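Here's a quick tour of the model shown below. Have the viewer open while you read.

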Amino acid sequence: MSRISDIDPELTHRLTRRGMLGVAAGATAAALLGAAAAPAGAAPATGTDASATGRGRPVLPPGRLGIQLYSLRDKVSTLGFAPVFAELSKYGYDEVEFAGYTQGSAGPITLAQLKRLARRHGLTPIGSHVGYYSSDPNAYTFAQNLTKVLDDAQALGLPHIGTASGPFRYGSTVDAWKRAAEEFNTYGAAARARGMKFYQHNHSDEFGFATDNPKVRLYDVLLAETDPDLVFLEMDIFWAYAGRFRFSRRADGTPAPFEPLDYVLRQPHRYPLFHVKDGVSDPSNEFGYRMTDVGDGDIDYQRFLSAVTRLRGERLAHHWQAEHDNPVESFAFARKSSAHLHSLREKC
């Protein structure tokens, strides 16, 4: 049975996920150039809330800070993976999440070499985004080339492999999402057979409502219809709060709020990964926020991370990936985000 949610404005227009960067079949590109010029130290981010810093235990668990490499696609395309990995290591990152294995780099590199390159810089490849489906039968997606997708993830040693595509393949009805959930279960079973976890990354549309039943939140259908042992979630916290802004009223105008954090606290084991992306509150924006560097926005990450990591047995069970879709300067974004997250302390 699908859960009934409190909120339900009509689903209007769909946020199109950034186009996934092309993934070469077994071979990718990277320029092994000299180190990029960028500040080396991770200075404290401006705008850090003094009440969230101090002498308490760090909110961010050790060894669990990563970054979604889409945020650094401009640097990878011009400098190659090696200089980018070198900078991320300086900034205190532990992990990297891929958005394709090319990102426009010049110079061939195999997946095994890419894996070694990351490890050489103290970075663990933690996951990757791959498309869900395509009309092209040869496309590099879960639906069209599941075996190849899993082969490549295994070659990189990824513990997680997922998609940032919403489950809209068959539409926005309850039955359409049940059908997509069946396919996700299939991908999850295939990933588990290889020792990996399949996951789905949300945008804001997932928190909208079924077109055939405006009281049913689509995200609840996904959670209810996927096997919790096979299908996991990567909550993009920014887009979850944007979803709350967009879908905080029913179609008839009555209030129907929800709290993204509550989803996690109810089923923390389903959320091994998070995207830590910040936004400045802006009610004039269709999503309620303007994206900004982590620490410069209004999303309370001290509260969010603390609530999850304080759960019994959960402190080291999650991976936190900093991200910005279009940073003004991507190395500055990476440096500032790490500094801010490392500065957060538990409140005494």
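## Ground rules

A salt bridge here is a side-chain nitrogen of Lys or Arg within 4 Å of a carboxyl oxygen of Asp or Glu. Keep in mind that this is a predicted model: local features need pLDDT of at least 70, side-chain atom pairs count only at pLDDT 80 or more, and totals for chains, interfaces and linings use all residues. Numbering runs from 1 along each chain as its sequence is written, and side-chain values use heavy atoms, with hydrogens and water left out.

## Confidence and overall make-up

The average pLDDT (the predictor's confidence in each residue, from 0 to 100) is 86 for the protein, and 83% of the residues score at least 70. Residues 1-51 are the stretch to be careful with: pLDDT stays under 50 there, although the model has 169 contacts beyond four places in sequence for them. Where pLDDT is low, the predicted coordinates should not be read in detail.

There are ten helices and 14 strands, taken as DSSP runs numbered from the N terminus (helices are H or I with at least four residues, strands are E with at least two). Of the 348 residues, 57% count as buried, where buried means under 20% relative accessible area, exposed over 50%, and partly exposed in between (1.4 Å probe, protein chains only). With contact meaning heavy atoms within 4.5 Å, 80% of the contacts between residues at least 6 apart in sequence join residues at least 24 apart.

## Salt bridges

The rule gives 16 salt bridges in total. One of them pairs Glu87 with Lys90, at 3.1 Å from N to O. The two sit three residues apart in helix H2 (residues 81-90), so about one helical turn separates them. Glu87 is buried at 0% relative accessible area, while Lys90 is partly exposed at 42%.

Other pairs reach across the sequence. Asp236 and Lys277 meet at 2.8 Å, N to O, and this pair links distant parts of the chain: Asp236 belongs to strand E10 (residues 231-236), and Lys277, 41 residues apart from it, to the loop between strand E11 (273-276) and strand E12 (278-281). Both partners are buried, and they also join Glu323 and Asp325 in a network of salt bridges. Lys336 and Asp293 form another bridge, at 3.6 Å from N to O. Here, helix H10 (residues 330-343) supplies Lys336, and the loop between strand E13 (289-292) and helix H9 (301-309) supplies Asp293, 43 residues apart. Lys336 is partly exposed at 22% relative accessibility, whereas Asp293 is buried at 13%.

## Phe333 in H10

Helix H10 also holds Phe333, which is buried at 0% relative accessibility. What does Phe333 contact, leaving aside its neighbours within four places in sequence? The list is Ile67, Ser71, Asp293, Val294, Ala322, Glu323, His324 and Pro327.

## H3 against H4

Helix H3 (residues 111-120) packs on helix H4 (residues 142-156) at about 35°, with the axes 8 Å apart. Axes are lines fitted to C-alpha atoms, for helices over the stretch in contact, and angles run from 0 to 180 degrees between N-to-C directions.

Leu111, Leu114 and Lys115 on the H3 side meet Asp152, Ala155 and Leu156 on the H4 side. The residues of this contact divide into four nonpolar, no polar and two charged, with Ala, Val, Leu, Ile, Met, Phe, Trp, Tyr, Cys and Pro counted as nonpolar, Asp, Glu, Lys and Arg as charged, and the others, Gly among them, as polar.
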